[in-house]
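This report covers a cavity, a salt-bridge network and a surface patch. Keep the coordinates open while reading.

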Amino acid sequence: MTARMSFLRKGCQLHFVVRGIFGVFFCMCIFSLGVTAQHVGLKTNLLYDATGSVNLGVETALAPKWTLDVSGNYNAWDFKNNRKWRHILVQPEARYWFCERFNGHFIGLHAHWMKFNIGNVKMPFHLWESLQDGRFEGDLWGGGFSYGYQWLLGRHWNLEAEIGVGYARVIYDEYPCASCGVRKASGHTDYVGPTKIGLDFVYIF
């Protein structure tokens with residue numbers, strides 16, 4: 001591939017990412033305008049930000065102690081030493097608040113779906129140790145339970161911490177190296193363990 005073709009391809013990828021980010025943000029803003037004040041929160045997960053993943057979340061009130069939270073994460077970058085952490089992740093979650101919504105303790109029931117292309121990465125909890133030298137590409141889906149807490153920082157700002165555990169079904173193709181295009185094997189596996197972790201800044205409308 002020539003340098004010009006590589007430049008054009010990266011330019012197209014960046015254009016797609018920018019359009020996707022603004023599209024998601026625009027939809028969230030339009031949605032929030034139709035809901036009364038103090039009923040919607042927009043958020044970003046600082047832990048996902050640290051991995052270079054673009055992420056946005058929106059949480060809306062359903063009842064005095066119930067909310068629906070939907071978060072999305074996107075990563076399309078290659079890092080140093082040919083490391084890849086490319087993925088699209090969507091996690092909807094129904095939450096029950098023990099005191100009042102957007103304040104204090106809550107428990108949640110979440111689902112998740114992810115399309116991934118990950119290679120040359122050391123995973124936590126000794127997962128997929130072959131990822132340190134190879135690459136996996138495929139889909140993941142499942143669900144779990146979570147617990148979290150929100151602190152009031154000001155009239156419109158909150159800080160949220162959350163952790164969840166659950167199940168995931170992973171269907172994948174395996175490649176011998178992070179940049180290889182020849183498939184080595186295909187398979188599936190079941191995972192039980194941590195499925196969600198977050199430290200979010202939340203803006204409440």
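## Terms and model

A cavity is a set of points, on a 1 Å grid over the protein atoms alone, where a 1.4 Å probe fits but cannot get out; lining residues have an atom within 4 Å of a point. The model is predicted: local features need pLDDT of at least 70, side-chain atom pairs count only at pLDDT 80 or more, and totals for chains, interfaces and linings use all residues. Residues are numbered from 1 along each chain as its sequence is written, and side-chain values use heavy atoms, with hydrogens and water left out.

## The cavity

The structure holds one cavity of 30 Å³ or more. The largest cavity contains about 120 Å³ of space. Volume here is the space filled by probe spheres set on the points, with grid points joined across faces, edges and corners.

The lining of the largest cavity counts 17 residues. Nearest its centre lie Lys43, Asn45, Ser71, Lys196 and Asp200. At least two lining residues come from each of strands S1 (40-45), S2 (54-63), S3 (66-75), S5, S8 and S9. Strands are DSSP runs (E, at least two residues), numbered from the N terminus.

Side chains of opposite charge can pair when their charged atoms come close. A salt bridge is counted when a side-chain nitrogen of Lys or Arg is within 4 Å of a carboxyl oxygen of Asp or Glu. The structure holds 17 of these salt bridges.

Lys43 bridges to Asp69, with the closest N and O atoms 3.0 Å apart. This pair links distant parts of the chain: Lys43 sits in strand S1 and Asp69 in strand S3, 26 residues apart. Both Lys43 and Asp69 are buried, a class that means under 20% relative accessible area (1.4 Å probe, protein chains only); exposed means over 50%, and partly exposed is in between.

Lys43 also meets Glu160 in a salt bridge, at 3.1 Å from N to O. Here the link runs from Glu160 in strand S8 to Lys43 in strand S1, 117 residues apart. Glu160 counts as buried because its relative accessibility is 1%. Lys43 has 6%, so Lys43 counts as buried.

Arg95 and Glu162 form a salt bridge, with the closest N and O atoms 2.9 Å apart. Arg95 lies in strand S5 and Glu162 in strand S8, so the pair ties together parts 67 residues apart in sequence. Arg95 is buried because its relative accessibility is 0%. Glu162 is buried too, with a relative accessible area of 6%.

Which residues are linked in a network of salt bridges? They are Lys43, Glu59, Asp69, Glu93, Arg95, Glu160, Glu162 and Lys196.

## The surface patch

Ile88, Val90, Trp113, Trp141, Tyr167, Ile171 and Val192 form a nonpolar surface patch. Together they have about 650 Å² of accessible area. Areas come from the Shrake-Rupley method with a 1.4 Å probe; for residues, only the protein chains shown count as cover. Patch residues have over 30% relative accessible area and no salt bridge; nonpolar side chains (Val, Leu, Ile, Met, Phe, Trp, Tyr) are joined within 5 Å, like charges within 9 Å.

S5 (83-97) and S8 (157-175) each supply at least two patch residues. Val90 belongs to strand S5. Val90 counts as partly exposed because its relative accessibility is 34%.

Pro176 lies in the loop between S8 and strand S9 (185-204). Its relative accessibility is 45%, so Pro176 counts as partly exposed. Leaving aside neighbours within four places in sequence, Pro176 is in contact (heavy atoms within 4.5 Å) with Asp133, Gly134, Val182 and Lys184. The C-alpha atoms of Pro176 and Leu131 are separated by 9.2 Å, with the two residues 45 apart along the chain.

Note on methods: Helix = DSSP H or I, 4+ residues; strand = E, 2+ residues; numbered from the N terminus. 1 Å grid on protein atoms, 1.4 Å probe; cavity = no way out; pocket = protein on both sides within 12 Å on 5 of 7 lines; lining within 4 Å.
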